[in-house]
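Q: Could you go through this structure with me? I would like to begin with single residues and then move on to the overall arrangement.

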Amino acid sequence: MIAIKVKVKPNSRHSSIVQQADGSWHATVKAPPVDGKANNELIEIVAQQFCVSKSQVSIRLGSLGRMKLLHIES
C-alpha cells in the first residue's frame, strides 16, 4: 500500500497531478467541489497516474478539504 498527500485545486481548466519536490502531490481537477465530484475526478487521475483501478484508490483523510491523504493498494 502507498500513502500520498495531495493538495487539490478544483474548478481548474484541466486535470493533472504533479509530484512536488518535498514528495507531496499537487492535483488540479475540472470538477467543482460539489457532491463529491472533485473527489471522484481526483481518484480517477490518481488511478491513471499509478496504473491501478479506481477501486484501489481511496481517500483516507480530508475528503472535505483541499489537503487529502490517499491510499493506493498495489
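**Loops, sheet and core**

Q: What is the relative accessible area of Q20?
A: Q20 has a relative accessible area of 36%, so the residue counts as partly exposed; with a 1.4 Å probe and protein chains only, buried means under 20%, exposed over 50%, and partly exposed in between. This is a predicted model, in which local features need pLDDT of at least 70 and side-chain atom pairs count only at pLDDT 80 or more, while totals for chains, interfaces and linings use all residues. Residues are numbered from 1 along each chain as its sequence is written, and side-chain values use heavy atoms, with hydrogens and water left out.

Q: Where does Q20 sit?
A: Q20 is placed in the loop between strand 2 and strand 3; helices (H or I, at least four residues) and strands (E, at least two) are DSSP runs numbered from the N terminus.

Q: And which residues does Q20 touch?
A: Setting aside residues up to four places away in sequence, Q20 touches W25 and H26, where contact means heavy atoms within 4.5 Å.

Q: How far is Q20 from K37?
A: Their C-alpha atoms are separated by 24 Å, and the two residues are 17 apart along the chain.

Q: Which residue of strand 3 stands opposite S16?
A: The residue opposite S16 is T28.

Q: What about the turn itself, which residue takes a positive phi there?
A: G23 does, with phi near 100°, in a hairpin that has five residues between strand 2 and strand 3.

Q: OK, zooming out, what is the strand order in the sheet?
A: The five strands form an open sheet in the order 2-3-1-5-4, and their pairing is mixed. Strand 2 (16-19) and strand 4 (57-61) stand at the edges with a single partner strand each, so one side of each has no neighbour in the sheet.

Q: Now the core, which residues touch the most other members?
A: The largest nonpolar core has 16 residues, of which I4, V6, L42, V46, V57 and L70 touch the most other members. A nonpolar core here is a set of buried Ala, Val, Leu, Ile, Met, Phe, Trp, Tyr and Cys residues joined through side-chain atoms within 4.5 Å.

Q: Which element gives the most to this core?
A: Helix 1 does, with six residues; at least two residues each come from strand 1 (2-9), strand 3, helix 1 (37-49) and strand 5 (67-72).

Q: Can you take V57 apart a bit, and say what it touches?
A: Leaving out residues up to four places away in sequence, V57 touches I43, V46, A47, V52, L70, H71 and I72.

Q: Back to the loops, where is P32?
A: P32 lies in the loop that runs between strand 3 and helix 1, and with a relative accessible area of 31% P32 is partly exposed. Apart from neighbours within four places in sequence, P32 is in contact with N11, K37 and A38, and the C-alpha atoms of P32 and S12, which are 20 residues apart along the chain, are separated by 8.6 Å.

Q: What is phi of D35?
A: Phi of D35 is near 55°, which is a positive value in a residue other than glycine. D35 is also in the loop between strand 3 and helix 1, and is exposed, with a relative accessible area of 72%.

Q: What about C51, where is that residue found?
A: C51 is in the loop between helix 1 and strand 4, where phi of C51 is near 55°, again positive in a residue other than glycine. C51 is exposed, and the relative accessible area of C51 is 70%.

Q: Last one, is S55 buried or exposed?
A: S55 is exposed, with a relative accessible area of 69%, and lies in the loop between helix 1 and strand 4. From S55 to R66 the C-alpha to C-alpha distance is 21 Å, and the pair is 11 residues apart in sequence.

Notes. Two strands pair if DSSP finds at least two bridges between them.
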